[in-house]
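Colleague: I would like to learn how to read the features of a model. Please take me through them one at a time.

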Amino acid sequence: MIEARHLRVLRAVATTGSFSAAARELGCTQPAVSQQMKALEASAGTPLLVRTGREMRLTEAGEALVRHASGILAGLTAAEEEVAAIAGLRAGRVRLVSFPSGSSTLVPGALAALRAAHPGTQVSLVEAEPPRSVEMLRDGDCDIALAFRYGTTGGEWDDLVVRPLLTDRLIGLVPDGHRLADADAVGIGELADESWIAGCPRCRRQLVEVCEASGFTPRIDFATDDYPAVIGLVGAGLGVAVLPALAIESVRPKGARTVTVEPAVEREIVALTLPDLARVPAVAATLDQLARAATR
């Protein structure tokens, strides 16, 4: 019989490439990793790894087992959490991953409300931008991914449970004293000759697409994933930017002015989870609180 602990070890070896690196990742000894892999190969009845120099290479059977491991482990986690909640042994735990502007705006209120309603629920938070956050969810490294997308990409999230939260419009940001600082609305083409400061890679691609649709390619002089840094660069007069409203909400613009940019560009903010995990009470409660936080 294949055991879940053996699958976790196999996945770690496949990811790191060696028993010693897998042992460091799992917090155990190299002999323990070797022993568990021998037990897994005995259960499978076929070799799963082949040593090539200092690294370990998966056999065809090993590759097949790794492909199924994430789904199996996620299903087991869902089963354990649901059974524990039903039995009243514990309220559960939730591993949440969020993009930075969501972490500073939606997540705090949601987690505070969750703790008040379910004090025993444990929630951990790490930050990652999509598509990395979505990969983490599919790999079994988190239970909920707070993510966003511009427009609708067919089939992108068809295998996931999608909980829509809000629509976030992109807002223009110009330095105080800029010629357009007092304008009610600014056509993005009016900024064609400006120096641009761009955000995360996905937002950067969207900026280029919007500008090119308006007949110009933006001259991006600075790029950073740190939204406060974008706002600081604009405030210092080094360029202009467009940022999601959530990002501006989380930072007080200093030396910068927000302007409405036309045409309107919006991103969809969602919470994602796996179908099995959606039935876990702690995960469902967290999704509900995120949805409530988005309406406040």
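Modeller: Start with cysteines. A disulfide is a pair of cysteine sulfur atoms within 2.5 Å. A search of the whole structure finds zero disulfides. This is a predicted model, in which local features need pLDDT of at least 70, side-chain atom pairs count only at pLDDT 80 or more, and totals for chains, interfaces and linings use all residues. Residues are numbered from 1 along each chain as its sequence is written, and side-chain values use heavy atoms, with hydrogens and water left out.

Colleague: Is Cys211 buried or exposed?

Modeller: Buried means under 20% relative accessible area, exposed over 50%, and partly exposed in between (1.4 Å probe, protein chains only). Cys211 has 0% relative accessibility, so it counts as buried. Cys203, at 11%, also counts as buried.

Colleague: Next, aromatic rings. How many aromatic pairs does the structure hold?

Modeller: A pair of aromatic rings is described by the distance of the centres and the angle of the planes. Rings of Phe, Tyr and Trp (its six-membered ring) pair if their centres lie within 6.5 Å; planes under 30 degrees apart count as stacked, over 60 as edge-to-face and the rest as tilted. The structure holds two such pairs. Phe99 and Phe148 have ring centres 5.1 Å apart and planes at 85°, so they are edge-to-face. This pair links distant parts of the chain, 49 residues apart: Phe99 lies in the loop between strand 3 (93-98) and helix 5 (100-117), and Phe148 in strand 5 (residues 144-150). Phe148 and Tyr150 are also edge-to-face, at 6.0 Å centre to centre and 80° between the planes. Phe99 is buried at 1% relative accessible area. Phe148 and Tyr150 are buried too.

Colleague: Which charged end sits over the ring of Phe148?

Modeller: A charge sits over a ring if NZ of Lys or CZ of Arg is within 6 Å of the ring centre and within 35 degrees of the ring normal. Here the charged end belongs to Arg267, 4.4 Å from the centre of the Phe148 ring.

Colleague: How many salt bridges does the structure hold?

Modeller: Side chains of opposite charge can pair when their charged atoms come close. The cut-off for a salt bridge is a side-chain nitrogen of Lys or Arg within 4 Å of a carboxyl oxygen of Asp or Glu. The structure holds 17. One of them joins Arg202 and Glu156, with the closest N and O atoms 3.5 Å apart. Arg202 is in helix 7 and Glu156 in the loop between strand 5 and strand 6 (161-175), 46 residues apart. Arg202 counts as buried at 15%, whereas Glu156 counts as partly exposed at 21%.

Colleague: Last, which way do strand 8 and strand 9 run?

Modeller: Helices (H or I, at least four residues) and strands (E, at least two) are DSSP runs, numbered from the N terminus. Two strands pair if DSSP finds at least two bridges between them. Four bridges join strand 8 to strand 9 (residues 219-223), and the two run parallel. Ser195 stands opposite Arg219 in strand 9.
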